[in-house]
Amino acid sequence: QLQLVESGGGLVQPGGSLRLSCAASGFTLDYYAIGWFRQASGKEREEVLCISRSGANTNYADSVKGRFTISRDNAKNTVYLQMNSLKPEDTAVYYCAAKSWCGDPDLEVWGQGTLLTVSS
């Protein structure tokens with residue numbers, strides 16, 4: 001069974017940092033681009049960042065530019081989202097998804113999401 005499992009969410013104060021993980025099971029992440037998405041309550045899902053198979057990053061959300069970075073460790077079959085200088089508006093459920101390339105609208109595998117709450 002192909003699965004992605006996100007972890008690392010929680011409650012963080014504004015200005016804080018957190019790292020989310022996206023671990024794959026049942027398949028090898030090496031062959032996929034991985035996107036991090038988020039969905040805040042009452043809002044549409046948006047893609048935040050994507051990392052290609054070669055490790056190139058694509059930023060889709062201006063709101064996180066300079067604050068969020070995406071990386072991958074193929075040996076651990078895991079992709080990370082490092083989030084710094086967090087703001088209350090970053091509060092959302094964060095998902096990762098596997099696809100053939102960044103920009104591919106066909107999302108082949110989804111995770112269940114992890115909740116990030118930024119609040120004092």
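This is a predicted model: local features need pLDDT of at least 70, side-chain atom pairs count only at pLDDT 80 or more; totals for chains, interfaces and linings use all residues.
Let me begin with tryptophan 110, which is partly exposed, with a relative accessible area of 31%.

Tryptophan 110 belongs to one aromatic cluster, formed by Phe37, Tyr95 and Trp110. Consider the contact between phenylalanine 37 and tryptophan 110. The ring centres of these two residues are 5.0 Å apart and the planes stand at 50°, so the pair is classed as tilted. The reasoning rests on the cut-offs: planes under 30 degrees apart would count as stacked and planes over 60 as edge-to-face. Where do the two residues lie in the chain? Phenylalanine 37 is in strand S4, residues 33-39, and tryptophan 110 is in strand S10, residues 109-110, so their pair ties together parts that are 73 residues apart in sequence.

Is phenylalanine 37 buried or exposed? Its relative accessible area is 6%, so phenylalanine 37 is buried. Phenylalanine 37 also has a charged neighbour: arginine 45 lies over the face of its ring, at 5.5 Å from the ring centre.

How many aromatic pairs does a search of the whole structure find? The search returns three. One of them joins phenylalanine 27 and tyrosine 32: the ring centres are 5.3 Å apart and the planes are at 85°, so this pair is edge-to-face. Phenylalanine 27 has a relative accessible area of 11% and is buried. Tyrosine 32 is buried as well, with a relative accessible area of 17%.

I now turn to the sheet. Four strands form an open sheet in the order S1-S3-S8-S7, and the pairing is antiparallel. Its edge strands are S1 and S7, the latter covering residues 68-73, and each of these pairs on one side only. On average, neighbouring strands of this sheet are turned by 15° against each other, with direction ignored.

Strand S1, residues 3-7, is joined to strand S3, residues 18-25, by five bridges, and the two run antiparallel. Within this pairing, glutamine 3 stands opposite serine 25, and glutamate 6 stands opposite cysteine 22. On the next step, six bridges join S3 to strand S8, residues 78-83, again in an antiparallel arrangement. How many does the structure hold? There are two. In general terms, a disulfide is a covalent bond between the sulfur atoms of two cysteines.

One of these links is formed by cysteine 22 and cysteine 96, with their sulfur atoms 2.1 Å apart. The angle about its S-S bond is 80°, and the link is right-handed. Cysteine 22 lies in strand S3 and cysteine 96 in strand S9, residues 92-99, so the pair ties together parts that are 74 residues apart in sequence. Are these two cysteines buried or exposed? Both cysteine 22 and cysteine 96 are buried.

Cysteine 50 and cysteine 102 form a disulfide too, with sulfur atoms 1.9 Å apart. With -90° about the S-S bond, this link of cysteine 50 and cysteine 102 is left-handed. Cysteine 50 sits in strand S5, residues 46-51, whereas cysteine 102 sits in the loop between S9 and S10, so the pair ties together parts that are 52 residues apart in sequence. Cysteine 50 and cysteine 102 are buried. When the bonded cysteines of the protein are numbered in sequence order, the pairing reads 1-3, 2-4.

Finally, a word on serine 54, in the loop between S5 and strand S6, residues 57-59. With a relative accessible area of 70%, serine 54 is exposed. Its side chain is joined to that of serine 52 by a polar contact of 3.0 Å. Serine 54 and alanine 33 are 21 residues apart along the chain, and their C-alpha atoms are separated by 8.5 Å.

Key: Residues are numbered from 1 along each chain as its sequence is written. Side-chain values use heavy atoms; hydrogens and water are left out. Two strands pair if DSSP finds at least two bridges between them. Axes are lines fitted to C-alpha atoms, for helices over the stretch in contact, and angles run from 0 to 180 degrees between N-to-C directions. Rings of Phe, Tyr and Trp (its six-membered ring) pair if their centres lie within 6.5 Å; planes under 30 degrees apart count as stacked, over 60 as edge-to-face and the rest as tilted. Buried means under 20% relative accessible area, exposed over 50%, partly exposed in between (1.4 Å probe, protein chains only). A charge sits over a ring if NZ of Lys or CZ of Arg is within 6 Å of the ring centre and within 35 degrees of the ring normal. A disulfide is a pair of cysteine sulfur atoms within 2.5 Å. A polar contact is a pair of N or O atoms within 3.5 Å; within protein, one must be able to donate a hydrogen and the other to accept it, and residues adjacent in sequence count only if both atoms are side-chain atoms.
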